[in-house]
Amino acid sequence: MGHVYILLAILFRMPANAVDCAPKLSFKSKIDKEFGTASFDLISKRLPGKSWYTFKDRISEAQRNFSYALNVCGTAGRPSQSCDAGQEYATAYQYDNREECFRLGDDFTNENAEWSLIDEQNPTKGVKLKYKNGTYCPGNSKYRSLTISFPCNNRDRATAEYDSRVVEIDCEYFINFGPTSAGCPLGCRISGDTVCGLHGFCGYDSDRDIFSCFCDQGWHGEACDVEGDWAYDTESEPSTAGCDGVCVALIFVLLLLLGLTATAVVMLMRVRKMNELNIRFAALAEDLNPDGDETFELQDASRDDDHFG
């Protein structure tokens with residue numbers, strides 16, 4: 001019975017329209033212009049309780065000494081006493097040591113948070129989370145917001161340097177969380193802390209409509225973490241997907257070609273056999289009528305009729 005109360009407590013504490021931390025985002029492939037869906041899971045970046053991540057402002061401390069506190073897929077605790085304790089917890093805060101504190105979002109609900117792709121045509125670039133409806137900004141006549149970018153730590157970005165300081169543009173704030181495997185589409189396997197094990201790259205397989213690792217030569221496995229050519233590896237086999245529509249079409253075409261080939265062979269054999277029979281009949285006719293008399297067979301037939309008559 002105790003477990004039931006705990007479950008009910010959790011359900012009542014969760015907002016009815018809470019944002020999913022495992023978003024599914026539509027995109028149009030840059031390569032073949034086909035539409036697809038990319039799935040992500042950022043729940044591993046959510047801190048428990050009212051904990052928060054801390055970031056600094058890109059502008060030097062001499063001009064303004066702001067810090068930023070935020071949580072991912074949830075609200076953060078109040079990082080400073082200057083933050084209004086009379087309000088509900090927010091997803092992100094901007095604060096300093098001069099008793100200034102601004103909310104950069106509200107609660108984690110559909111009205112106050114939204115997901116999008118860093119590149120609308122290439123989900124392997126990563127995903128973005130935007131917090132909205134923070135403290136009102138009179139100078140720009142808008143509510144403050146914060147956009148957090150989660151770049152996929154694909155091979156070209158796994159070791160890249162990045163600036164994690166917060167940038168402000170007219171009361172809209174932006175931060176690069178840093179390359180992370182959580183920013184990669186589901187389907188691209190992780191080896192260690194890196195997607196595709198640094199021996200391949202995460203990409204979109206438009207034929208199968210999935211994201212997977214494309215391995216370098218000499219590497220294989222779902223995360224490109226097994227050395228050697230899989231075709232000659234007796235201990236492991238590559239992962240394969242079920243036969244899709246293209247595969248079925250290819251099999252149909254192959255069977256059709258085999259059927260046409262078999263039919264052509266049978267017809268050819270029949271034609272050759274008929275030619276052989278014609279040659280034999282021609283030779284037999286020549287033997288029976290060496291003088292070339294066309295009435296030979298007819299005359300013989302009439303004699304036979306007279307004999308029986």
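Cysteine 21 and cysteine 73 pair up in a disulfide (cysteine sulfur atoms within 2.5 Å), with their sulfurs 1.8 Å apart. The pair connects distant parts of the chain, 52 residues apart: cysteine 21 sits in the loop between helix H1 (2-13) and strand S1 (24-28), cysteine 73 in the loop between S4 and S5. Helices (H or I, at least four residues) and strands (E, at least two) are DSSP runs, numbered from the N terminus. Keep in mind that this is a predicted model, where local features need pLDDT of at least 70, side-chain atom pairs count only at pLDDT 80 or more, and totals for chains, interfaces and linings use all residues. Residues are numbered from 1 along each chain as its sequence is written, and side-chain values use heavy atoms, with hydrogens and water left out.

**Disulfides**
- Searching the whole structure turns up seven disulfides.
- The S-S torsion of cysteine 21 and cysteine 73 is about 75°, so this disulfide is right-handed.
- Cysteine 83 is joined to cysteine 101, S to S 2.0 Å, and this link is right-handed with 85° about the S-S bond.
- Cysteine 152 and cysteine 184 have their sulfur atoms 2.0 Å apart in a disulfide.

**Serine 80**
- Serine 80 is in the loop between strand S4 (67-70) and strand S5 (92-95).
- Leaving aside neighbours within four places in sequence, serine 80 is in contact (heavy atoms within 4.5 Å) with Tyr95 and Asp96.
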